[in-house]
Amino acid sequence: MAEEEAPTLRVLVIDPLAGQAALARGMLESLGHRVMVAHDWPTAETLLTLHAFDAVVMSATTPGATGGSAAAMMRAGAARWSALPLVGVGAGVHRRDAVAARAAGFDSLVPRPFGPQDLAAALQEAVRLRTPPPLLDPPRRDALRQSHGPAALAVRDEGALALAAQVLVPLLNGPASRAETHDAILAVAEAMESVGAAQAASQARRLIEGGPRAMRGVQPLLQVIVASRFALRTDRMNAAQADPIWAASDISPGDSP
């Protein structure tokens with residue numbers, strides 16, 4: 001069987017060195033991707049604002065607008081691009097600098113010199129890492145249906161969603177301490193995991209792993225939770241239609257564990 005072709009991606013290349021940027025652009029275009037180029041962070045930020053991209057390939061040493069890391073500025077930027085797959089390229093990124101590059105937000109790294117296939121592999125890895133899981137975890141939902149009837153499962157789902165809203169609203173309404181923010185997002189992750197809302201749970205865990213700066217990104221998490229509400233409701237409706245016995249299995253919501 002022929003190997004499945006990688007999808008065409010819209011890629012932004014950011015590199016202060018015009019020759020290196022042109023080299024990366026040529027490789028990416030030879031792989032079938034559509035490419036735009038920026039040579040500094042302000043230009044890159046403008047392009048990210050005006051255009052939709054699927055991934056970013058950036059020199060690992062690109063400075064930000066204030067002299068810090070452009071990668072860190074991208075991760076702290078608008079939700080539209082802050083979670084894009086990010087590939088870092090440069091001399092020595094596979095040695096001591098790799099730790100700092102990962103901390104700045106790079107998903108994969110390619111040391112120079114590299115070829116098209118090296119870049120393709122790094123891009124594929126970055127996309128894989130940044131591809132969100134499905135909204136719901138089917139095995140977890142199956143297990144919940146084994147121990148809960150329809151009404152009891154609805155109560156459990158709505159309880160988890162209500163808890164998430166309860167702990168997130170204070171974060172949206174005003175400043176909170178680092179500990180309060182951490183505990184609230186952890187509570188969301190655990191609540192979403194309890195009902196199999198995989199994407200919301202994963203996003204909450206990633207905010208915690210990203211540290212204080214990442215944990216400011218509560219609004220996108222809230223959007224995923226809203227999407228999860230509809231997914232959970234649809235899951236219950238589909239299960240009831242597919243299994244009339246399960247649909248009629250409730251005596252009362254309190255009878256199911």
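Guide: Begin with strand 4, which is mostly covered, with 5 of its 5 residues buried. Leu86, Gly88 and Gly90 point one way and Val87 and Val89 the other way, all of them buried. The model is a predicted one, in which local features need pLDDT of at least 70 and side-chain atom pairs pLDDT 80 or more, while totals for chains, interfaces and linings use all residues. Residues are numbered from 1 along each chain as its sequence is written, and side-chain values use heavy atoms, leaving out hydrogens and water.

Visitor: What makes a residue of strand 4 count as buried?

Guide: Buried means under 20% relative accessible area (exposed is over 50%, partly exposed in between; 1.4 Å probe, protein chains only). Of the 257 residues of the chain, 40% count as buried.

Visitor: Which residues cover the two faces of strand 3?

Guide: On one side are Ala55, Val57 and Ser59, on the other Val56 and Met58, and all are buried. In a regular strand the side chains alternate between the two faces of the sheet.

Visitor: Why are strand 3 and strand 4 said to pair?

Guide: Two strands pair if DSSP finds at least two bridges between them, and strand 3 and strand 4 have 4 bridges in the parallel sense; therefore they count as paired. Among the bridge partners in strand 4 are Gly88 for Met58 and Val89 for Ser59. The strands themselves are DSSP runs (E, at least two residues; helices are H or I, at least four), numbered from the N terminus. The chain comes to 13 helices and 5 strands.

Visitor: What is the strand order, and which strands are at the edges?

Guide: The open sheet of 5 strands has the order 2-1-3-4-5, with parallel pairing. Strand 2 (34-38) and strand 5 (108-111) are the edge strands, each pairing on one side only. Neighbouring strands are turned by 20° against each other on average, direction ignored.

Visitor: How many bridges join strand 4 to strand 5?

Guide: Strand 4 (residues 86-90) and strand 5 pair in the parallel sense over 4 bridges. Val89 stands opposite Val110, and Gly90 has Pro111 as its bridge partner. Helix 6 (residues 116-130) packs on the sheet, touching strand 1, strand 3, strand 4 and strand 5, and its direction makes about 170° with that of strand 5.

Visitor: Why are helix 8 and helix 9 called roughly antiparallel?

Guide: Angles run from 0 to 180 degrees between N-to-C directions, with axes fitted to C-alpha atoms, for helices over the stretch in contact. Angles under 35 degrees count as roughly parallel, over 145 as roughly antiparallel, 65 to 115 as roughly perpendicular and the rest as oblique. Helix 8 (residues 150-173) and helix 9 (residues 178-194) pack at about 165°, their axes 9 Å apart. They are therefore roughly antiparallel to each other.

Key:
Contact = heavy atoms within 4.5 Å.
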